[in-house]
Amino acid sequence: MKLKASLSLIFGLSAAFAVSAGEIVVATVNNGHMIEMQKLTPHFEKANPGIKVKWVTLEEGTLRSRVTTDIATKGGQFDVMTIGMYETPIWGKKGWLNELKTDAAYDVDDLLPAMRNGLSVEGKLYAAPFYGESSMLMYRKDLTDKAGITFAERPTWEDVRNAAAKIHDPKAGVYGICLRGKPGWGDNMAFLTTMANSFGAQWFDMSWKPQLESKPWHDAVTFYVDLLKKYGPPGSSANSFNEILALYNEGKCGMWIDTTIAASFITDPKQSKVADKVAFAQGPQAATAKGANWLWAWALGIPASTKNAADAQKFVAWATSKDYINLVAKEKGWAAVPTGTRKSTYANPEFLKAAKFADAEKKAIDSANPNDSTLPKSPYVGVQFAAIPEFQAIGIAVGQQMSAALAGKVTVDAALKASQAAADREMRKGGYYK
């Protein structure tokens, strides 16, 4: 038995080394920073002869579905996966991800604590942040100035609604506010959860009972639907990040509350017609500022099923390094670098000079606390999600109901009732209560 086991180990290692200097497959989301990473991949391939990178680029919802299926079934389709703060701790704990081993040059202590902690399990890093984000209010200062509106550092939702009413001018091609409406636990529900948090809502009480028919959820969703119906662009129920980014860059959105990473695109004169007219404030509050802005990292993880672990590790280290950030700065300018990951980025005077959003972005990231994100005490970790395996299915089901309410297909009450039933079903199935 021992001889057989030893031979197996030797042949196993030989096989691993035979395929390591080959092709690695990277699954990623079709966001601007990832597309830029693909363009810069020849720099990695030149520095690592023998490693070729193949890209699978997908829309956010499709990516989540594909990588979840692949990792759960040990399919081995991908060597590097773009995942987030929701999946990483759950999958790391299950043994589905390789722990990331970094050297001194990588400088793991330079990672922002919020990002490093959110991608670790018991102090071990299971994914490296490619870019990190919170959410904030981005608005057209030329329009607010004209309307005599001044925002506090963290405005209220009433302030936002009043501003939307004043600057909404569809005849001139400007909508008061643009917000996500496309269904998905990490799509419309990422935004809506932060909004609900600020109204005093929570996903589950301390007994893990869903709270979707509570008054704070009802108040938040009613406010959201009313706001977008009156002052949003038509077809908001189908809009996600990329759709709103296109609208904003065309000058069609007066305000937008979304990921801080959007700031680097909407302030880029090469892609935005309103680049010099944008200003920033923190995510709006209602009853509380707790959980009013999310915390997320799009990170690179290595599935345990990979047969190219060493090469995958090299790629992850390259793409999330200080050197990569400097490479983007050299090629595209400091305002275009992936942000929200490293202390050194925010200490760099060239970045601070180029990125007028840096201060607001860092404040938002630093203020988000996944361990204390709701007004009532909650049993889960996470700001815009609950870090339990059942949440993905619940968030998808609820997201569909919220999108239907926004489209006017169902009432808010009916949408919340169906959401509560779906959440209750999943939690009973998961054995949280009988």
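Reader: What makes K362 count as lying over the face of Y346?

Author: In this predicted model, where local features need pLDDT of at least 70, side-chain atom pairs count only at pLDDT 80 or more, and totals for chains, interfaces and linings use all residues, K362 lies 6.0 Å from the ring centre of Y346 and over its face. A charge sits over a ring if NZ of Lys or CZ of Arg is within 6 Å of the ring centre and within 35 degrees of the ring normal, so K362 is counted. R342 likewise lies over the face of Y106, at 4.7 Å from the ring centre. Residues are numbered from 1 along each chain as its sequence is written, and side-chain values use heavy atoms, with hydrogens and water left out.

Reader: Why is the pair of W157 and F191 called edge-to-face?

Author: Rings of Phe, Tyr and Trp (its six-membered ring) pair if their centres lie within 6.5 Å, with planes under 30 degrees apart counted as stacked, over 60 as edge-to-face and the rest as tilted. The centres of W157 and F191 are 6.1 Å apart and their planes stand at 80°, so the pair is edge-to-face. Both residues are buried (under 20% relative accessible area, with a 1.4 Å probe and protein chains only).

Reader: Why is the pair of F280 and F357 called edge-to-face?

Author: The ring centres of F280 and F357 are 6.4 Å apart and the planes stand at 75°, so this pair is edge-to-face. F280 and F357 are buried.

How values were computed:
Buried < 20%, exposed > 50% of the residue type's maximum accessible area, 1.4 Å probe, protein only.
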